[in-house]
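This report describes selected strands, helices and aromatic contacts, element by element. Please read it beside the sequence and the model.

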Amino acid sequence: MRLIWKLLRKHISLFELGVFFITSLIGMVVILSGVQIYTDIKPLLTGEKSLIGNQYMILSKPVERVGVNSTSIPQQEIDDLREQPFVLDLGEFRSSQYEVYGSLMFQGRRLSTMMFFESVPDKFVDADSEAWHFDEGDNIIPIIIPRNYLSLYNFGFSQTQDLPQITENLIKGVELSIELSGDGRYRNLSGYIVGFSDRLNTILVPESFMSWANDYFAPNASGETTRLIVEVENPTAPEITEYMKAHNLVSEDKPAESDKALFLLKVCVAIIIGIGILFSTLSLIILTLSIYLLLQKNIDKLENLILAGYTPAQVASPYNMIAISLNISIYIVGIIAVSFIQRAYATALTQSVGFTMHTSLTVTIVAGIVLSTAITIFNICIIKRKIAQISHKR
């Protein structure tokens with residue numbers, strides 16, 4: 001082994017090996033940084049404590065004919081949808097089957113309007129469980145309204161009616177007079193806005209209140225389901241689109257912001273990894289050319305060594321050791337570089353959005369081992385093939 005090394009190392013180019021080391025290191029760092037960034041940022045978008053929230057879709061039947069109520073969803077279809085693998089959870093909207101009339105006094109003026117209520121299972125509502133509750137006999141109804149309702153009032157209605165703009169905290173302190181009637185019965189209750197929703201574009205009341213009110217004011221109403229709230233992992237998944245088309249369902253909302261952000265993250269990571277693969281491919285080309293050039297320079301010595309009785313494996317071993325040593329060094333330096341990069345953006349995330357990452361480098365370390373092993377095997381195969389060609393000539 002020592003004799004072979006002494007004979008062959010004379011023509012080894014440190015410059016060529018240095019170029020291979022740098023390009024491979026850049027490719028390794030870029031690829032592993034992409035993997036680490038995706039691993040760290042994904043919980044920020046999709047986890048239980050994500051900044052944007054879970055993925056929800058509001059599904060309904062399209063209105064196809066004027067004057068005909070064809071938008072109810074049969075229970076059989078609801079049960080079938082609930083069993084689909086892409087559905088994480090499902091809830092049914094329940095609508096008020098009675099008349100609702102709301103009014104309030106504001107700045108000495110009485111504002112009144114016909115209203116409607118809807119409810120969904122409480123687990124789909126982002127509200128304080130103590131505030132979001134109703135028992136039969138209570139005189140107060142907790143209400144959640146869409147945040148865009150307040151925007152419409154502040155930037156539209158208030159300006160045309162010479163009314164002041166109001167804040168969310170102010171409207172939460174305003175008492176609403178709610179008049180409910182149906183089946184010959186009448187009740188006057190108070191309503192308080194306890195929150196605002198960016199997800200559901202409807203006036204929400206607790207499911208417990210809706211059950212009581214429908215039973216009390218509309219005991220004979222059918223109460224057919226016309227809308228569903230469905231929690232999914234990815235609203236833009238092809239299987240969801242195909243299922244909706246096959247069952248004549250439409251989504252009433254655009255894809256969630258978290259889905260857009262996650263898609264953007266995947267695109268950015270794909271671009272980063274693509275750049276890393278490009279650098280790694282270039283480094284492999286450089287190494288392959290270097291190996292072929294180095295072997296060509298030493299072809300006479302290699303032929304003599306083989307004639308002297310050395311096996312192709314023994315002749316190839318110095319070159320294999322160079323490739324293995326270089327790839328191990330690149331892997332170690334690459335992991336160290338990724339750890340520094342992770343610390344930098346982790347600190348930036350903590351300072352900007354208060355998100356503390358709890359992920360480790362485990363996935364990146366494993367990915368680095370797989371990548372380094374693949375590159376090393378490729379290098380050894382190239383060396384083995386070239387030595388075999390020289391051996392066969394003799």
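Two strands are taken to pair if DSSP finds at least two bridges between them, and the elements themselves are DSSP runs numbered from the N terminus, with helices (H or I) of at least four residues and strands (E) of at least two. On that basis, β8 (residues 175-182) and β9 (residues 185-197) run antiparallel and are joined by 8 bridges. The model is a predicted one, in which local features need pLDDT of at least 70 and side-chain atom pairs count only at pLDDT 80 or more, while totals for chains, interfaces and linings use all residues. Residues are numbered from 1 along each chain as its sequence is written, and side-chain values use heavy atoms, with hydrogens and water left out.

**The β8-β9 hairpin**

The two strands form a hairpin with 2 residues between them, and D183 in the turn has a positive phi of about 55°. In β8, L176, I178, L180 and G182 make up the covered face, whereas E175, S177, E179 and S181 make up the uncovered one.

An open sheet of 4 strands, paired antiparallel, has the order β2-β10-β1-β11. Because β2 (87-92) and β11 (250-251) stand at the edges with a single partner strand each, one side of each is left without a neighbour in the sheet. The partner of β2 is β10 (residues 227-232), to which it pairs in the antiparallel sense over 5 bridges, and L90 has V230 as its bridge partner in β10.

Helix α3 (residues 75-82) lies across β1 (55-60), β2 and β10, running at about 155° to β2, and helix α7 (residues 238-246) lies across β1, β10 and β11, running at about 15° to β1. Such angles run from 0 to 180 degrees between N-to-C directions, the axes being lines fitted to C-alpha atoms, for helices over the stretch in contact, where contact means heavy atoms within 4.5 Å.

With buried meaning under 20% relative accessible area, exposed over 50% and partly exposed in between (1.4 Å probe, protein chains only), the buried residues of α7 are I240, Y243 and M244. Seen down the helix axis, these residues fall within an arc of 100°, so they line one face of α7; the arc is that of the directions from the axis to the C-beta atoms. Their cover includes β1, α3, β10 and β11, while the face of α7 turned away from the buried side carries the exposed residues P238, E242, K245 and A246.

**Aromatic contacts**

Rings of Phe, Tyr and Trp (its six-membered ring) pair if their centres lie within 6.5 Å, and planes under 30 degrees apart count as stacked, over 60 as edge-to-face and the rest as tilted. A search of the whole structure finds 10 such pairs, including the two tabulated here.

| Pair | Centre to centre | Angle between planes | Geometry |
|---|---|---|---|
| F117 and F209 | 6.1 Å | 80° | edge-to-face |
| Y216 and F217 | 4.8 Å | 85° | edge-to-face |

F117 lies in the loop between β5 (109-115) and β6 (118-119) and F209 in helix α6 (residues 207-217), so their pair ties together parts that are 92 residues apart in sequence. F117 is buried at 0% relative accessible area, as is F209 at 0%; F217 is buried at 2%, whereas Y216 is partly exposed at 26%. One aromatic cluster is formed by Y98, F117, F134, F209, W212, Y216 and F217.
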